[in-house]
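Biologist: Could you walk me through this model before I start on it? I'd like the overall picture, then the details.

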Amino acid sequence: MSKKPRRTKQGQRPAAAPSPIPPIFLPPPRTAPDHTASARELEDFARQYPEDREELLIEAADSWASAGDHDRALDIFDELLESDPEDPCMLECYRISALWRAELEPQARAASALLRPRLSPHDPAPWNFIAETFEVHDDLPAAMEWFTAGITHTLGPVPAPDSIAPDDHYIEQLFIGRHRVRRQLGEPHDDWDRLAHTLHETRLPLMRGRANPNLDELHSPARIDALASRDPEVWARELEHIDALAAARSACLRLTAVLFWPASEFPELLRRRLSFADLYGTDHATHLARVETALRRLSDEGITPLAAARASVRGYESHARDEHQNPESEGFPATYAAHLAEMGMATPWPPPRNAPCWCGSGRKYKKCCGNPATA
């Protein structure tokens, strides 16, 4: 579960009241990461969990690059590319990014050119990745060309809004990234820029209204210039504006989320984290009943809004590594639930009685976890 601390009008925390709900623990203070140690640990994990070897070694290569050992990072990518990877094109994208980080710009550009003819017209992710890589390294014309080519190759020369599925994240990012770069280049709006606005307004329900600033405002060249300015007054003014936008977004995301594990993930969770059986139960039906009970008790205490956050073992482990936290610590499930809620990956609770249940069973809520007979 995740819970935002409530404050009094004077800004002080109220005294904690006894509650049957387990306490929510704040994560420990961050320390400077040891990238070399993380890289070695990830390589050890790759040997222990061969089914996750590719993903773990990609993270290890990132840690080696952060530690300054670019040769080791590139060696890992070369080894993976020779071992029948799941997605060779995306793996090559990661290698190209590693070449940029190693300040091997000519090799990175040459590798990008060689990759392009191999890209599938049905997969927008590599196009988006390479476009953003050029953008990050200040080659905006090349970035715009990659964003545009990615759209054309995946959707055709005249894409329409109804041709984009609601969960086509990378397609959306191609349009939005292209808009962002064109704003920096001073290009006038075209039909695809207007489509980017439409996608931005509708892609995440939790970011609608005033918490979803206009795309032109987000991509304003003045904002980029202000963030790069050395003038303290300009810098402070822009930071104040960004803080106001962040506060508006935060107001829309103050969810108290309870973590739940779908049936497909629950056995793997207990296999890897046997100690979690005490917290979640040893069978999936018991687990779902405990989640529903926790949500109802929170509601009875007047804590709103509430949500159920769908967890995955891989996501849980990855977030623990990213945050440099122990995944078995008492407070980390709350940290992960809050992360899912902030990413818009939590289902508001309770759903309408005739709506699908939050657990993902496909049954109506009133006949599933919301059935009074099983409450």
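Biologist: To start with, how many helices and strands does the chain have?

Modeller: Bearing in mind that this is a predicted model, the chain has 17 helices and three strands. Buried residues make up 41% of its 375 residues, and among the contacts with a separation of 6 or more, 57% are between residues 24 or more positions apart.

Biologist: And the three strands, in what order do they form the sheet?

Modeller: The order is β1-β2-β3, in an open sheet with mixed pairing. β1 (256-260) and β3 (346-349) each have a single partner strand, so one side of each is left without a neighbour in the sheet. Direction ignored, neighbouring strands are turned by 30° against each other on average.

Biologist: In what sense do β1 and β2 pair, parallel or antiparallel?

Modeller: β1 pairs with β2 (residues 306-310) in the parallel sense, over five bridges, and Val258 has Ala308 of β2 as its bridge partner.

Biologist: Which helix packs on that sheet?

Modeller: That is α17 (residues 332-342), which touches β1, β2 and β3, and whose direction makes about 110° with that of β1.

Biologist: Switching to helix pairs, at what angle do α7 and α8 pack?

Modeller: Helix α7 (residues 140-155) packs with helix α8 (residues 169-185) at about 150°, and their axes are 9 Å apart. That angle makes α7 roughly antiparallel to α8, and the crossing is left-handed.

Biologist: Which residues make the contact?

Modeller: From α7 they include Leu140, Met144, Phe147 and Ile151, while from α8 they include Leu174, Phe175, Arg178 and Val181. By class, the contact has 12 nonpolar, six polar and three charged residues.

Biologist: Now the backbone: where is Glu103, and what is its phi?

Modeller: Glu103 lies in the loop between α4 (88-101) and α5 (105-115), and although it is not a glycine, its phi is positive, about 65°. As background, most residues other than glycine have a negative phi. Asp138, in the loop between α6 (125-136) and α7, likewise has a positive phi, near 65°.

Biologist: Are Glu103 and Asp138 buried or exposed?

Modeller: Glu103 is exposed, at a relative accessible area of 72%, and Asp138, at 70% relative accessibility, also counts as exposed.

Biologist: One last thing, which residues does the cis peptide bond join?

Modeller: The cis bond joins Trp349 and Pro350, with omega at about -5°, and Pro350 is found in the segment after β3.

How values were computed:
Residues numbered from 1 in each chain as written. Predicted model: local features only at pLDDT ≥ 70, side-chain atom pairs only at ≥ 80, totals over all residues. Heavy atoms only, no water. Axes fitted to C-alpha atoms, helices over the stretch in contact; angles between N-to-C directions. Helix = DSSP H or I, 4+ residues; strand = E, 2+ residues; numbered from the N terminus. Parallel < 35°, antiparallel > 145°, perpendicular 65-115°, else oblique. Left-handed = near helix turned anticlockwise from the far one by under 90°. Contact = heavy atoms within 4.5 Å. Nonpolar A, V, L, I, M, F, W, Y, C, P; charged D, E, K, R; others polar. Pairing = 2+ DSSP bridges. Buried < 20%, exposed > 50% of the residue type's maximum accessible area, 1.4 Å probe, protein only.
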